[in-house]
Amino acid sequence: VIARKYLRSWFCFDLVVVGLDWMELLFSAGVFSMSWTRVSKATRFFRIARMLRLLRLARVQDTASAHLSMLLDNLQSERLNIIIDIVKVTVMLTGISHVLACMWYGIGANPLDG
């Protein structure tokens, strides 16, 4: 049931986005010979497609958040509510730490002097 719903809704979009990621990988590896101008335009298109995927992820997160809040409203255990809040804060801090670490890695791996 879930697979059929996925095939009818997001499968085509995901297939296009993943296909574009593969094409970007093949272009960057030099499998296809194109001029740099065309490659840069294609890369820009790939980045835009990736941003669309992130927007989809944000929408999924909103849906998950709504389901979680509905679940929490139905729970009667204060102890379980506290545990869930601790897990949410821990996941949020881990995500923020990951993004900051990626940013510092990007700064350190930048080949430009300065």
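A residue counts as buried under 20% relative accessible area, as exposed over 50%, and as partly exposed in between. The exercises below apply this to a predicted model.

**Exercise 1.** Decide for Cys12 and for Cys102 whether each is buried, partly exposed or exposed, and state how many disulfides the structure holds.

*Solution.* Begin with Cys102, whose relative accessible area is 42%; because this value lies between the two cut-offs, Cys102 is partly exposed. Continue with Cys12, whose relative accessible area is 54%; because exposed means over 50%, Cys12 is exposed. Finally, a search of the whole structure for disulfides finds 0.

**Exercise 2.** Classify Asn81 and Val99 by their relative accessible area, and say in which helix each is found.

*Solution.* Asn81 is found in helix α4, and Val99 is likewise found in helix α4, which covers residues 78-109. Asn81 has a relative accessibility of 18% and therefore counts as buried, since buried means under 20%. When its neighbours within four places in sequence are left aside, Asn81 is in contact with Leu72 and Leu75.

**Exercise 3.** Describe the chain as a whole: which elements does it have, and what percentage of its residues count as buried?

*Solution.* The chain has 4 helices and 0 strands, so that from the N terminus on its elements run α-α-α-α. Of its 114 residues, 11% count as buried. The chain exposes about 9,900 Å², of which carbon and sulfur atoms supply 69%.

Terms used
Residues numbered from 1 in each chain as written. Predicted model: local features only at pLDDT ≥ 70, side-chain atom pairs only at ≥ 80, totals over all residues. Heavy atoms only, no water. Helix = DSSP H or I, 4+ residues; strand = E, 2+ residues; numbered from the N terminus. Buried < 20%, exposed > 50% of the residue type's maximum accessible area, 1.4 Å probe, protein only. Contact = heavy atoms within 4.5 Å. Disulfide = S-S within 2.5 Å. Areas by Shrake-Rupley, 256 points an atom, 1.4 Å probe, with all protein chains shown as cover.
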